[in-house]
Amino acid sequence: MTLDQLRIFIAVAEREHVTQAAAALNLTQSAVSAAISALEDRHAVRLFDRVGRRIVLTDAGRLFLDEARAVLARSEQAERLLGDLAGLKRGTLRLAASQTVANYWLPPLMQQFHAAHPGFALELATGNTADVARMVHAATVDLGFVEGEIADAALSIRSLPGDDLALVVAPGHPWATGAKDLQSSAWVLREPGSGTRAVFETVLAQHGLSTDDIDIALELPTNEAVRAAVEAGAGASILSMLVVESAIASGRLVRVDIALPPRRFHMLRHKERHLSLAEQRFLELAGA
């Protein structure tokens, strides 16, 4: 059994599709099929059932998937240790971040790290706060950076300097002159699970309200989509100043005076994973 066979098995298991796994691994379909057959034949166990044009994991395949992932994780940890010994001359640092962090706060730090260690590749996956926490928990990334609060006993969490939030409306909105009643406007919101949405729900709770008490006009998956909808007059929203600063400066949005809670960003990593030298250097840049 080889590590390459394990990687191929995991790719097929996660996609339940040989062709898609082959494309993701940049291999031929026949090479992927041969690797799976070799595993099954050598150990006399069926890992997949062929159901029509689909393949699905057998009970044995599902059990083996957890072990295969664990073996690869250990292999990658050993590789990271060797990278440490090589003085960060070569390796990969896998990051995940929620949208505000990924689009506005993290790129300058990634550039600083790359300038200091040009032989190290940086990979960035994005999602909302809940998505990033799941990636870190599953050890598919090394470090996660989020806006929202996370409760997961498997994760180590450090607070980082955050950002300012702003309640914004279009210039023609009644609140642009200052008067406001949170129930008197339509709202444009991020989806549940995002850090920005969590802050908004906290603000509502401080006013004795919930999302059931307000008019949600639109629920959108990105900060940029929310900003564009607010600029178009769809309603009010609470967004990071990193997202709306240029729109406020140009007059496309108006910041409404309201007390908002401070927000810090959070770094996530799995407690059971070795903290590599590359991760330590990146966290130093981030102020963690």
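**Figure 1. Elements lining the second largest pocket of the predicted model.** At least two lining residues each come from H4, strand S3 (91-98), strand S4 (120-127) and helix H10 (277-286). Helices (H or I, at least four residues) and strands (E, at least two) are DSSP runs, numbered from the N terminus. H4 provides the largest share of this lining, five residues. The volume of the second largest pocket is about 330 Å³. Its lining comprises 17 residues, and Glu76, Glu79, Arg80, Gly91 and Thr92 are the closest to its centre. By type, the lining residues are five nonpolar, four polar and eight charged. Here Ala, Val, Leu, Ile, Met, Phe, Trp, Tyr, Cys and Pro count as nonpolar, Asp, Glu, Lys and Arg as charged, and the others, Gly among them, as polar. A pocket is an open set of points on a 1 Å grid over the protein atoms alone where a 1.4 Å probe fits, with protein on both sides within 12 Å along at least five of seven lines; lining residues have an atom within 4 Å of a point. A volume is the space filled by probe spheres set on the points, which are joined across faces, edges and corners.

**Figure 2. The largest pocket and its lining.** This pocket holds about 650 Å³ of space. Among its 17 lining residues, Ile10, Glu14, Leu72, Glu76 and Thr140 lie nearest the centre. Helix H1 (3-15), helix H2 (18-25) and helix H4 (59-85) are the elements that give two or more residues to the lining. H4 contributes the largest share, six residues. Nine of the lining residues are nonpolar, one is polar and seven are charged.

**Figure 3. Aromatic pairs around Phe9.** Nine aromatic pairs occur in the structure. Rings of Phe, Tyr and Trp (its six-membered ring) pair if their centres lie within 6.5 Å; planes under 30 degrees apart count as stacked, over 60 as edge-to-face and the rest as tilted. The ring centres of Phe9 and Phe48 are 5.6 Å apart and the planes stand at 55°, so this pair is tilted. Because Phe9 lies in helix H1 and Phe48 in strand S1 (residues 48-51), the pair ties together parts that are 39 residues apart in sequence. Both Phe9 and Phe48 are buried (under 20% relative accessible area, 1.4 Å probe, protein chains only). For Phe9 and Phe64, the centres are 4.9 Å apart and the planes at 50°, so this pair is also tilted. Phe9 in helix H1 and Phe64 in helix H4 are 55 residues apart.

**Figure 4. A cluster of aromatic rings.** Trp105, Phe113, Phe120, Phe145, Phe265 and Phe282 are linked into a cluster by ring pairs.

Residues are numbered from 1 along each chain as its sequence is written, and side-chain values use heavy atoms, with hydrogens and water left out. In this predicted model, local features need pLDDT of at least 70 and side-chain atom pairs count only at pLDDT 80 or more, whereas totals for chains, interfaces and linings use all residues.

Methods. Buried means under 20% relative accessible area, exposed over 50%, partly exposed in between (1.4 Å probe, protein chains only).
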